[in-house]
Amino acid sequence: MYNVAQVIDDKCTAKKGCRLCIMYCPEANCLDLNSAKMVAEVTIDRCKGCELCVVVCNAAKHEAIVMQAVSATGQLMSKKGESAALGQAYQG
Ligand code: SF4
Ligand code: SF4
């Protein structure tokens, strides 16, 4: 299991022109604009879990990216955007 970044679509301000996470992600072809939905989108199997995108998104006060656990088979272990519940489970 490992963690990858996931964008919460409702919070992403890409439609207003934000591209911060896309510019700062160090991995090629990992974080890109989904031009159909006009939100940033992470390609799970490219993400290295460095959280740089979370830092820049939070610094801009958008808070639209969360880290989420992925199974060994590359599937998100909770629904996209459900990191809070997952974090609480870890605390136990
Ligand atoms: S930095 Fe945050 S708000 Fe900006 S495009 Fe990326 S996910 Fe969206
Ligand atoms: S966690 Fe790192 S590698 Fe993954 S999308 Fe964010 S900046 Fe890119």
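## Cysteines

Cys-47 counts as buried, at 12% relative accessibility, where buried means under 20% relative accessible area, exposed means over 50%, and partly exposed lies in between, with a 1.4 Å probe and protein chains only. Cys-30 is likewise buried, with a relative accessible area of 3%.

The structure holds zero disulfides, a disulfide being a pair of cysteine sulfur atoms within 2.5 Å. Cys-30 is in no disulfide, and the nearest cysteine sulfur to Cys-30, that of Cys-25, is 3.8 Å away.

## Basis of the model

This is a predicted model, in which local features need pLDDT of at least 70 and side-chain atom pairs count only at pLDDT 80 or more, while totals for chains, interfaces and linings use all residues. Residues are numbered from 1 along each chain as its sequence is written, chains are lettered from A and ligands numbered from 1 in the order in which they are written, and side-chain values use heavy atoms, with hydrogens and water left out.

## Salt bridges around Asp-9

Three salt bridges are found when the whole structure is searched, each defined as a side-chain nitrogen of Lys or Arg within 4 Å of a carboxyl oxygen of Asp or Glu. In one of them, the side chain of Asp-9 meets that of Lys-37 at 3.1 Å, N to O. Asp-9 lies in the loop between strand S1 (2-7) and helix H1 (20-24), and Lys-37 in the loop between strand S2 (31-34) and strand S3 (39-42), so this pair ties together parts that are 28 residues apart in sequence. Helices (H or I, at least four residues) and strands (E, at least two) are DSSP runs, numbered from the N terminus.

Asp-9 also forms a salt bridge with Lys-80, again at 3.1 Å, N to O. Because Lys-80 lies in the loop between strand S4 (65-70) and helix H3 (83-91), while Asp-9 is in the loop between S1 and H1, the pair ties together parts that are 71 residues apart in sequence. Asp-9 is partly exposed, with a relative accessible area of 22%; Lys-37 is partly exposed at 43%, and Lys-80 is partly exposed at 35%.

## The Lys-48 and Glu-27 pair

Lys-48 and Glu-27 meet through their side chains in a salt bridge of 3.4 Å, N to O. Lys-48 lies in the loop between S3 and helix H2 (52-59) and Glu-27 in the loop between H1 and S2, so the pair ties together parts that are 21 residues apart in sequence. Lys-48 counts as exposed at 55% relative accessibility, whereas Glu-27 counts as partly exposed at 25%. Asp-9, Lys-37 and Lys-80, for their part, are joined into one network by salt bridges that share partners.
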